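The sequence and structure come first.

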Number of protein chains: 2
Amino acid sequence: MNFELNREFIEKLQEAIQQQNNEQLQQMVSELHPADIAEILGELDDDERQYLFGLLPSEITADIIVELEEDERGELLKDLPSQEIAHTVIEHMDSDDAADIISELPEEKQDEVLSNISDIEQAGDIVDLLNYAPDTAGGLMATELVSVNEDLTVRNCIEEIRKQASEVDEFFYVFVTDAQDILKGVLHLKKLLLADDNELIKNIIEDVRSVKTDDDSEEVANIMRKYDLVSVPVVDSIGRLKGRITIDDVVDVIKDEAEEDYQLMSGITGDIDSNDSVFKLTRARIPWLLIGLAGGILGSLVIGGFDSQLIQHPEMAFFIPLIAAMGGNVAIQSSSIIVQGLANNSLGFDSAGRKLVKEILVALVNGSVVALLALIYNIVMGQSFALCLTVSISLISVVLFAAIVGTSLPLAFNRIKIDPAVATGPFITTTNDIMGMVIYFFVSYQCYSWFQ
Amino acid sequence: MNFELNREFIEKLQEAIQQQNNEQLQQMVSELHPADIAEILGELDDDERQYLFGLLPSEITADIIVELEEDERGELLKDLPSQEIAHTVIEHMDSDDAADIISELPEEKQDEVLSNISDIEQAGDIVDLLNYAPDTAGGLMATELVSVNEDLTVRNCIEEIRKQASEVDEFFYVFVTDAQDILKGVLHLKKLLLADDNELIKNIIEDVRSVKTDDDSEEVANIMRKYDLVSVPVVDSIGRLKGRITIDDVVDVIKDEAEEDYQLMSGITGDIDSNDSVFKLTRARIPWLLIGLAGGILGSLVIGGFDSQLIQHPEMAFFIPLIAAMGGNVAIQSSSIIVQGLANNSLGFDSAGRKLVKEILVALVNGSVVALLALIYNIVMGQSFALCLTVSISLISVVLFAAIVGTSLPLAFNRIKIDPAVATGPFITTTNDIMGMVIYFFVSYQCYSWFQ
């Protein structure tokens, strides 16, 4: 039951596809988990994927479709008629997955698929879900849940749960509401098993943390993580139970947010992985390189502005990479701490001003250490006093400047609702490269004129 | 029931602590979730925390201790006698949390606490868990679970679950074993509710994905995420059920791994956040700055080696920041894709060679675009032909070199069991700064000698 995909398996499968050996193909995948089959499909090219997909039994089609990457899924669904998408795919899915997948379809196909769903109630649920923004609790939730009235007895409640359970794939908690559908609490299955048959449900329920339909998905993730929740009920603005979000969906949110921040810091736009095409990889990477180019050209203009300085003291050029790199490194260190703190909601309640003071202290310590070491090195190497001073004063100044920019920029971005993670990576290194050059040549101008 | 911590609350609390107004303090926190109280404690200084902690009812002490940050927890437990730690903290915890917290204690205190635990079976479980490496499935799992024999009937099974459930906080699946304790499958509570009383359990169980005690925790996280598992059974090498890992623990693993990679890329060593002390923040950041300094000095030696070149053509210095930045940016783009692919197990089955070829193609495209734009700019600016050529040829070469290093270094690190994320951030930018200078001055030497 513990399948692990390997290269030989894929090669054997590709051979069978080429030979159109359907019997062998069906045998190879028949026992596998839909997530494994989806992984296999992801390794095949478009034609192979199409072929294998056509052989799969229709009862697992929906489960596999859910697990695929968006572009692979789009490729497979493109050629299926709307009626078939409705009957073999959408109708076998939970409402949250169904809404996600319908929202990926082209506009005109969305309505066709929706009108082909046989169960009007399911279609209605999906239409309702499509109205929520995808990055809110409403956009994440599913409407399939088990809920009972607080006035039932344990015996009646078990009857009711039996009825509802046959409709729901899996459930971990029973939510309890009053007659107006207002969420009152949660019933742990353990309590239900241990309680007396005639006990009223309202006496054995527990308080439950809920989220609102318009709460941000990152906030939902933070709440579920903080309170170790496996499933969280979603209520509307007056507290009526609308759906539930399970932890597996939130794990994906956490993972995606982290990856997005990681890719932004590394100067990559868009969600890519190493299996994507050369074209997609190129397109995701060129924007930051162009910004880097523009920054480099600006930097060249700054240095060009001090060219008489440089002609007189060509040894100044030796330390250009050091000054540039130090500013970039410190700025990224500072900004990444802020970005991560914002993402985790762990910045605490210190004001921006206090954070900045702290960063400046850290920068002063680090800058002094680095500047002192550079000073010793330059003295040992017999550099001129002016150069020694220029490099060390510039290092402290650049480190200080970078720490201030690195701390305040993401905080400022966050306040004006720009993703603070944009203020990491190439953006901040480029800014600091340029400022580093301004500082370096300005300091050198002063130092050389004093100590000539 | 939806508490949200804010600054006023903290200030009011701090005031009450100063006035030693115990009644108000107890009233302020009495209704809160342990995770909220832990968050509050995290915002207080050591003395305030100690004071408030002393007022909390002992039945929630254990839950709060679990939620605290490691250093805050250490501070609080430092002054508690071993006997009290055993009775009021450890004995009220699940075995996995108990083992984690005992492992944080000083060596000599560990044995004292263990020998003070009243329940010998619990102490034995904890000792067993302490033997597993913390980053394995064994180190993550808890021994508290509900398991039944496959030969029971549904009626007997419910009886058995009732007995076991009173010992376990919360459970989502019932694991099913044979007489030798070998894991046979999982029983969904839904199936149990819907089944006939006399049905045999072995007829209604489902296959279950399990992990081995020595599986890596990152692997466990990937499996739970892939198969959308809320709880996964852990077995030993011959398949006997040893414990279970729940998704909330794995969410923390996923989050921690992502943060570690993020911090490594940003040049920060160790797990810090913006609330840490200036000393801790400084210590976590200085190592990479020193490496950056060493790299900068090496770079200065490289440029120094070409100083006659520089004296003749001081305009060469203008483009030093551009060349250095471009190499660093491309290298981080390349390495971060590999690091993320390795972490997600999503690199697929392309060989390292094929990945490299793809990266080289991407680099050629991006490098050509950047080089062409730089060429146009330099021609427009009326730079000498030799400089135009030097800058553009260097850009392509640096981009190519950076892509190759950025792709192969993390793959190589991974093969020799070094965390591939080390090959991101300042390490790779520094390497590429130096190589960028070597390439730039070498190319310029050639270009200037041809076109003089």
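## Relation of the chains

Copies are superposed here by least squares on the C-alpha atoms of residues with pLDDT of at least 70 in both. The model is a predicted one. Chain B is brought onto chain A by a rotation of 180° with 0.0 Å of shift along the axis, and the RMSD is 0.1 Å. This is the relation of a two-fold axis.

Of the interface residues of chain B, 100% are also interface residues in chain A, so the copies meet through the same surface.

## Helix contact between the chains

Two packed helices are described by the angle between their axes and the distance between the axes. For helix 19 (residues 352-380) of chain A and helix 16 (residues 278-305) of chain B, the axes come within 9 Å and cross at roughly 35°. The crossing of helix 19 of chain A and helix 16 of chain B is right-handed.

Helix 19 of chain A contributes residues including A:Lys358, A:Glu359, A:Leu361, A:Val365, A:Val369 and A:Tyr377 to the contact. From helix 16 of chain B come, among them, B:Leu281, B:Arg285, B:Leu289, B:Leu293, B:Ile297 and B:Leu301. By class, the residues of this contact of helix 19 of chain A with helix 16 of chain B are 16 nonpolar, 3 polar and 3 charged.

## A sheet in chain B

Strands of a sheet pair through backbone hydrogen bonds, either parallel or antiparallel. Chain B has an open sheet of 3 strands in the order 1-2-3, and its pairing is mixed. Strand 1 (147-149) and strand 3 (183-188) of chain B are the edge strands, each pairing on one side only. On average, neighbouring strands of this sheet are turned by 35° against each other, direction ignored.

Strand 2 (residues 173-177) and strand 3 of chain B run antiparallel and are joined by 5 bridges. B:Tyr173 has B:His188, in strand 3 of chain B, as its bridge partner. Lying across strand 1, strand 2 and strand 3 of chain B is helix 12 (residues 154-165) of chain B, which runs at about 150° to strand 1.

## Salt bridges

Side chains of opposite charge can pair when their charged atoms come close. With a cut-off of 4 Å between a side-chain nitrogen of Lys or Arg and a carboxyl oxygen of Asp or Glu, the count over all chains is 28 salt bridges.

One of the salt bridges joins A:Arg49 to A:Asp46, with the closest N and O atoms 3.0 Å apart. Both A:Arg49 and A:Asp46 belong to helix 4 (residues 46-55) of chain A, where they are 3 residues apart, about one turn of the helix.

Technical notes
Residues are numbered from 1 along each chain as its sequence is written. Chains are lettered from A and ligands numbered from 1 in the order in which they are written. This is a predicted model: local features need pLDDT of at least 70, side-chain atom pairs count only at pLDDT 80 or more; totals for chains, interfaces and linings use all residues. Side-chain values use heavy atoms; hydrogens and water are left out. Contact means heavy atoms within 4.5 Å. Axes are lines fitted to C-alpha atoms, for helices over the stretch in contact, and angles run from 0 to 180 degrees between N-to-C directions. Helices (H or I, at least four residues) and strands (E, at least two) are DSSP runs, numbered from the N terminus. A crossing is left-handed if the near helix is turned anticlockwise from the far one by less than a right angle, and right-handed if clockwise. Ala, Val, Leu, Ile, Met, Phe, Trp, Tyr, Cys and Pro count as nonpolar, Asp, Glu, Lys and Arg as charged, and the others, Gly among them, as polar. Two strands pair if DSSP finds at least two bridges between them.
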